[in-house]
Amino acid sequence: MEVITTHIQADFDSTASMLAAKLLHPEAVLVFPGSQEKGVRDYLMTAPKSVVADMVKLKHIDLDAVDRLIIVDTRQVSRIGPFADILGRDNLEIVIYDHHPPSPDDIKGHQEYCRELGSNVALMVEILSSRGLSPAPPVATLMAMGIYEDTGSLLFPSTTPEDCQSLAKLLAWGADLNTVARMVSRELSPEQVDVLDQLIKNGRSLQIHGINILFTRSVSSAYVEDFAMLVHKLRTMFVTDAMFALGQMGERIYLVARSALPQVNAADVAAFFGGGGHASAAAASIKDMTLDQSEHALIKYVKQEVKPRLRARDIMTFPVKGVRLDATIDETSDTLNKYNINAVIVKSKDERLMGYVTRQIVTRAQGHNLGASKVKDYMVRDIKTVKPDATMGEIRNLIIDGNQRLLPVMEDRKVAGVITRTDLMRAMHAKMEKIEGISRGTPGKKTVQSLLEERLPQGIYELLISAGELAASLNFNIFLVGGIVRDMLLRIENLDVDLVVEGDGITFAKEFARRTGSRLASHDKYKTAVVSLPDGTHIDVATARLEYYKIPGGFPVVEESTLKLDLYRRDFTINTMAVALNPPRFGELIDFFGAQRDIKEKRIRVLHSLSFVEDPSRILRAVRFEKRYGFTLGKQTLSLVHSAVNAGFLRGIPGKRIFHEIRQILSEEDPVACMERLKELGVLEAIHPALIFNPQAAESFQKAKKTISWFNLLYTHETIRPWFIYLLALTDQMKPKAIIAIAESLGFSGADAREILASKHAVLEIFRRFNTERENTPAWMVGVLENASLEEILFAMSKTSSADMQEMISTYITTWRHYKPPVAGKDLIAIGFSQDKYLGACLKTIRDKGLNGEIKDYSEAMALARTMLP
């Protein structure tokens, strides 16, 4: 039996979503898990038969017969009433359609269609349209009611473009706006008027971190319908950034939260009281507290959690790049290109701000053959500035209304930073696409402190706290960056700690090493250091820096920079996230380049179009990440790969960098998929024509993978190089000349190339002896294998098709190589042997006979030894 249900106290959005789900699941019946809001009840009493025909009362449903449960407009266990009791059944399939962000008590569905929108109906319209389905006009009308109600007639901050587009689609499907207006714009009952009057009279505003927040409350003896609608009406009467309303109705207390600013997260506040919702609109039902207790707890929690308003210092870019007054237009163009910026300040010799110039001005000047002219002749001199504590409103007025492309931030008469249009728009409009386990924070930033604590060992977590405190004491900003942040969000273990310091990374590293009693290795040229803690943990520290390339594939030139520019120099967006560690911001996730969206959409994307030109080895890294995480190359990124391969950029970079990436690929859990993809993209042939991954090589890789997995399951704690075994498999069918040619193109030293050839010879010798001398005794097999490396032996084991040979090699690895004879050299010397060849020959004979079971103990070994005395 299939059942479509929703949350208790169903509203128009949830009711309409149930009917939309019926089109997707025509065999299902519609069952409310509890009561509905009064407006919904009134509508259903007079609704067309086509709307209510498939609605069945809960008491008429045999819950034990339900084998598919379709849940709409929620995924919280606490909100589906009696249906929560059947969730643990093995034979129950769960399908979820929900527009809310994740919450701690979310149900896990077998199929999930979840996306943060202003209404759930918008999600259902998208799905119906994609499948070529459309509702009848009465159902389309009800769905339009759902959008109008849940988005506040498209006025709530949570409203998305998709909600508006869905409403247009519903009108095309025959939605009747007259009916919508009649049902949504209802007259207030006397009880509702009384509650609204109390909310108006009891309202009080508090300034928290410069944010105006209204708190209010009401009391009624019985439940009053549409409390959220009353709060919405109240909101139109007050100028406020956020509003929290408590309504006591009988024995229950209800919280409705609304917010117009990302610094005040309504969903987080509601979640604290056991509720949920969106960052801009949320609600909760509060239990086991009085109204006074609820209000006290609410205000206290909001004061703790509200983030300060953004100021100029929070969004500015620093240190500032500039040019001198006497710089030429061409020199200014070089500066813009080197740092990949679109505007630059112009300074006097004594560092005073004189104006700014944009890329557009420079380009047009060059178009008029003015490249040798001085920039001071064409710079913008009428320039406004702000102080570090300037508000977003001041910044917006100057950049948007004042049409100023670059806004300098001045402190002590010096340029402390600059704000561009991009900086402003990112801060104002950054979308908060939520990933499970992350709560919203300031624009472009989300709090992951709890995720840090959950995913990292206690020792490392405490080290990060200490690092943040030390950086703050040195007036530096410090961030956790790199793969550890990416993998933390993907719930993959990664303990490689990389820190970036806005300031002097080496100075920080030296002091951090001193305080922790650690060793330090620093690299002044690249402004990096490695701190080696007493327990063996390594922490990489780098100064925030930017890189630019003078030639394609060359080594980068490094200069000190900001976190944003440091992250911009990285390979792919998924590697550009950072976590702030300074105490006031500890745990804030910073994402300038849409990394979270790409992770959610499982996409590998470069940051700019010249990424593979500057470093073609990134192509191999892209494939490695693509196959490791099950992602795909973005459309633009894939096109750039083809362009770089066709242009021959892979042959122009140092071979060692290519080999480093190939070695990383051969160290992956499934290098076969990576190699197949490199072959498909033409990368292997572009590196060297003899580098071929044919079906025979693929088969050798699969066999090697199976053998390596077998060895790892032995847990011998021995270190092997899987990449070297795969390298032997890759070159197995190649002639020595081809191997040497490939080794040279990959930057191998002569010793590296000789090791590969020597290992190939050792493996061939194993096969030769097995095929010509074969004695099938343990001692003989030990003699064949004892001088080979473990990697050569494992490759031979994967290469052979002989079950006997595989069995003997496996027994050698697990047993025979660990055999210890019952006597030692000192025992033989005691009976008259000298330290010469006879002693060695006797020990070998005893070992061989012991392996073959011909002698079993000390006495038999000594008896044999006496017969062999010279």
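**Exercises on aromatic pairs**

This model has 19 aromatic pairs, counting Phe, Tyr and Trp rings (Trp by its six-membered ring) with centres within 6.5 Å. It is a predicted model, where local features need pLDDT of at least 70, side-chain atom pairs count only at pLDDT 80 or more, and totals for chains, interfaces and linings use all residues. Residues are numbered from 1 along each chain as its sequence is written, and side-chain values use heavy atoms, with hydrogens and water left out.

**Exercise 1.** Work out what kind of pair Y223 and Y254 make.

*Solution.* Start with the cut-offs: planes under 30 degrees apart are stacked, over 60 edge-to-face, and the rest tilted. The ring centres of Y223 and Y254 are 5.7 Å apart and the planes sit at 70°, so this pair is edge-to-face. Next, find them in the chain: Y223 is in the loop between β7 (211-220) and α9 (227-235), while Y254 is in strand β9 (residues 252-259), 31 residues apart. Helices (H or I, at least four residues) and strands (E, at least two) are DSSP runs, numbered from the N terminus.

**Exercise 2.** Now classify F508 and F512, and decide whether each is buried or exposed.

*Solution.* With 5.5 Å centre to centre and 15° between the planes, F508 and F512 are stacked. Both belong to helix α20 (residues 505-516), four residues apart, so about one helical turn separates them. For burial, under 20% relative accessible area is buried, over 50% exposed, and in between partly exposed (1.4 Å probe, protein chains only). F508 has 0%, so it is buried; F512 has 3%, so it is buried too.
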